[in-house]
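Subject: Handing over the structure

Hi there,

Here is the structure I promised to pass on to you.

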Amino acid sequence: MSEPAIRKVCVIGAGTMGAGIAAQVANAGVSVLLLDIVPPDGANRNAVAEGAVARMLRADPAPFMSKAAAKLVETGNIEDDLGKVAQCDWVIEAVVERLEIKQDLYAKLEMVKRPGTAVSSNTSTIPLAKLVDGRSDAFSRDFLITHFFNPPRYMRLLEIVTGPETDAGLAARVETFADVALGKAVVHAKDTPGFIANRIGAYWLQAGLNAAFDMRLSIELADAIVGPPMGVPKTGIFGLLDLVGLDLVPHLQASLTSMLPHDDPYHAVARSIPLIGKMIVDGYTGRKGKGGFYRLNPEAGRRKEAIDLATGEYRPTIKPSGLKGAVAKGDLKALVETKGVVGDYAWAVLGETLAYAAGLVPSAAADLLAIDNAVKLGYNWKAGPFELIDKLGAKYLAERLEAEGKLVPDLLKLAGERTFYRIENGRRQFLGINGAYHDITRAEGVLSLADIKLSSKPLLKNGSAALWDVDDGVVCLEFTGKMNALDGDVMKLIVQAIPLILAEYKALVIYNDADGFSAGANIGLALFGVNIAAWSEIEKLLAGGQMAYKGLKYAPFPVVGAPAGLAVGGGCEILLHCDAIQAHAELYTGLVECGLGLIPGWGGNGEMLDRARQAKMMPKGPMPAVAKVFETVSTATVSKSAAEAKELLFLRPEDGITMNRDRLLHDAKQKALALFDGYHPPDAPEYRLPGESGRAALNMAAEGFRKRGIATEYDMVVSDALATVLTGGGADLLDTVTEQELLKLERETFLRLVREPRSIARVEHMLETGKPLRN
């Protein structure tokens, strides 16, 4: 008999974390009850929860993936609506971090919840044993900790802590829902203060603060050392504290020092920093306040300034120096051995933090995998502590710690001259606390392209793409260029792949492991062609892309796109040519060419027109579909989620959405196999387009934007070119425009625009700055 599904969730506490958790549950398509206290005036008893939902609908970045998701949130208050908990399968407590308040709430929950309904706390520091102290055995069986990270939509880490009485089946049910429905990467932590990520993170931040103050470093240099060279986001230490809020520092420190054992190394680094206390009092709590260690000075034209740690005064930011060559590129040993403050600061932070992390196995985590995954997911490090130790060398770290008279963790001694990770027989393994290596296993439904690469060779490969056998008759097309940009090599490999798949395989999935699916066409290559007037080469690339994409569309086997992250321009166009899409929930896709003074040139215009005219809610006639596509494409609109991509017609209603990034390739593969039996390619569309009258109507709409200052003079030129294509050029309403005729018109229009100096200026500006030029 299978365990009951989680059909409805209750979140108690509508603060930043609780509201964000509720939004993510709604993003998963699950009903959620959001409760908070009755406000003091009592005029609107649900005002706190209602206000939280209203704020999230206005927030940027948005907690909701679509406005429709907000409709799944039912608001209420703890006094009137706690009885509704009986309708819920999981109750998440996210109230203030005070033990007595949580325990009082649990006593009330025990009176109203159903037996077997999971209750979890989102606490970040309080041990589970203290939370359930005084509760019944039945309540303790249903209780666990689920520590989400902020913001819950975007941060994938979920630390789960269970107690000795927690029902294993109930915990597994919550974990499965969190994984599959909420998209979380679950890490099991032991019932210790701060769990894993925040315990190591707090130590790292404090060590970084201490060393910077002691060495009188500029905060810019400190962040540059502890940032990208260590695989840490460029915010480093001080930028991160500004992001999360300086007022967090004393609270986290007080919590950990009160609960950690007296012999824990954290006590040696925990110290009060007067400047931080003064900044908090003065309202400089970070980005949520008037500024923090960095600020934008409104009295100096919002000039970026940094605080001097010695004087406490702000000054203009300075560009740090001393990070070059191998050091800047992530050679950790070169970094910590650099003479002077750079090497001294790097070692003071890195050496201390890695030693601390190594000492937490097995007391805080069962193995080093949990440590690495928690830190990478919770703090966005590219490599976890043990992966960093492998870069330094476990023996090197141990010997240097010992030479300085510092404690060498047992796990470092156990490793000796070995690495913590290795590849054996095509499998990635990690060193266990028993001294033996163990295979890294994946959960059911998780398929990793990185794993496949360890034990196989590509079927086809060139400088920009590769084709991999992912088993069961399915192959995967991977883009491999910088930002997965698309060029002639990608198109060549697609053309080569089609007969190979037809002869030996069942289906194709287009996927890669990178954070972004594709940034579109390689505009740097295109600009080079423009600068040397290689118009024939540009035309060849344009025609080659159209041919390759249509080859995929009409291939005699199913093609499934599996995008995640950024998929714009040509990256969006290849998706439009797929039979189906299985998208990660965080999909940012769109046809952005107009922002570069161009138009989509690889068949995207026709594919969007075809989708728009087939949309169920679209009014009939040739003009509504054209107007819809013109509005989306001319404004270079990019979806803020896969759910919004459906609203914008980049995805079809029947296309799938995967919440957990780790499950995307598996889900796409299953979709491709499901399409295989009885598959036949689509028929080529024919269009009835409004011609000159439609073009005039679209230009009138664009002129309205220009008069309001939204569109520039050159935007009008580009939008007219787009309107020409979408309305069929010189077509008449009585004419039928074929797909090939529309492609020809698209090519001609693109080639005309790419010669325009103002389009060239836009492309150059984007390459130089990464930002659009509004000329």
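Helix H33 (739–754) makes the biggest contribution to the lining of the second largest cavity, giving four residues. Please keep in mind that this is a predicted model. The other element that supplies two or more residues to this lining is helix H27 (604–614). The volume of this cavity is about 60 Å³. Around the space sit Lys550, Gly603, Asn605, Gly606, Glu607, Tyr687, Val725, Glu739, Leu742, Leu743 and Glu746. Sorted by class, that lining holds four nonpolar, three polar and four charged residues.

The search of the whole structure came up with three cavities of 30 Å³ or more. In the largest cavity there is about 100 Å³ of space. How does its lining divide into nonpolar, polar and charged residues? Eight are nonpolar, two are polar and none is charged. The residues that line this cavity are Ala202, Leu205, Gln206, Leu209, Leu241, Leu248, Val249, Leu252, Gln253 and Tyr266. Helix H9 (197–215) and helix H12 (248–259) each provide at least two of the lining residues.

Now to the charged pairs. Side chains of opposite charge can pair when their charged atoms come close. Over the whole structure, the search finds 46 salt bridges. Here are some that I looked at.

Asp472 and Lys669 meet through their side chains in a salt bridge, at 2.8 Å from N to O. Asp472 belongs to the loop between strand S16 (465–469) and strand S17 (474–479), while Lys669 is in helix H30 (residues 664–676), so this pair ties together parts of the chain that lie 197 residues apart in sequence. Are the two partners buried or exposed? Lys669 has a relative accessible area of 6%, so this residue is buried. Asp472 is at 43% relative accessibility and therefore counts as partly exposed.

Another salt bridge is formed by Asp715 and Arg774, whose closest N and O atoms are 2.6 Å apart. This pair also links distant parts of the chain: Asp715 is in helix H32 (residues 713–726) and Arg774 is in the segment after helix H34 (757–769), 59 residues apart. With 12% relative accessibility Asp715 counts as buried, whereas Arg774, at 47%, counts as partly exposed.

Glu404 and Arg400 form a salt bridge too, with 3.9 Å between the closest N and O atoms. Glu404 is partly exposed, its relative accessible area being 38%. Arg400 is also partly exposed, with a value of 22%.

There is a network as well: salt bridges link Lys8, Glu74, Asp81 and Lys84.

Last, a sheet for you to look at. Three strands make up an open sheet with antiparallel pairing, in the order S12-S13-S14. Which strands are at the edges? They are strand S12 (421–424) and strand S14 (437–439), each of which pairs on one side only. On average, neighbouring strands of the sheet are turned by 40° against each other, direction ignored. Strand S13 (residues 427–431) runs antiparallel to S14, and three bridges join the two. Phe430 has His438 in S14 as its bridge partner.

Happy exploring, and do write back with any questions!

Best wishes

Conventions. Residues are numbered from 1 along each chain as its sequence is written. This is a predicted model: local features need pLDDT of at least 70, side-chain atom pairs count only at pLDDT 80 or more; totals for chains, interfaces and linings use all residues. Side-chain values use heavy atoms; hydrogens and water are left out. Two strands pair if DSSP finds at least two bridges between them. Axes are lines fitted to C-alpha atoms, for helices over the stretch in contact, and angles run from 0 to 180 degrees between N-to-C directions. On a 1 Å grid over the protein atoms alone, a cavity is a set of points where a 1.4 Å probe fits but cannot get out, and a pocket is an open set with protein on both sides within 12 Å along at least five of seven lines; lining residues have an atom within 4 Å of a point. Grid points are joined across faces, edges and corners, and a volume is the space filled by probe spheres set on the points. Ala, Val, Leu, Ile, Met, Phe, Trp, Tyr, Cys and Pro count as nonpolar, Asp, Glu, Lys and Arg as charged, and the others, Gly among them, as polar. A salt bridge is a side-chain nitrogen of Lys or Arg within 4 Å of a carboxyl oxygen of Asp or Glu. Buried means under 20% relative accessible area, exposed over 50%, partly exposed in between (1.4 Å probe, protein chains only).
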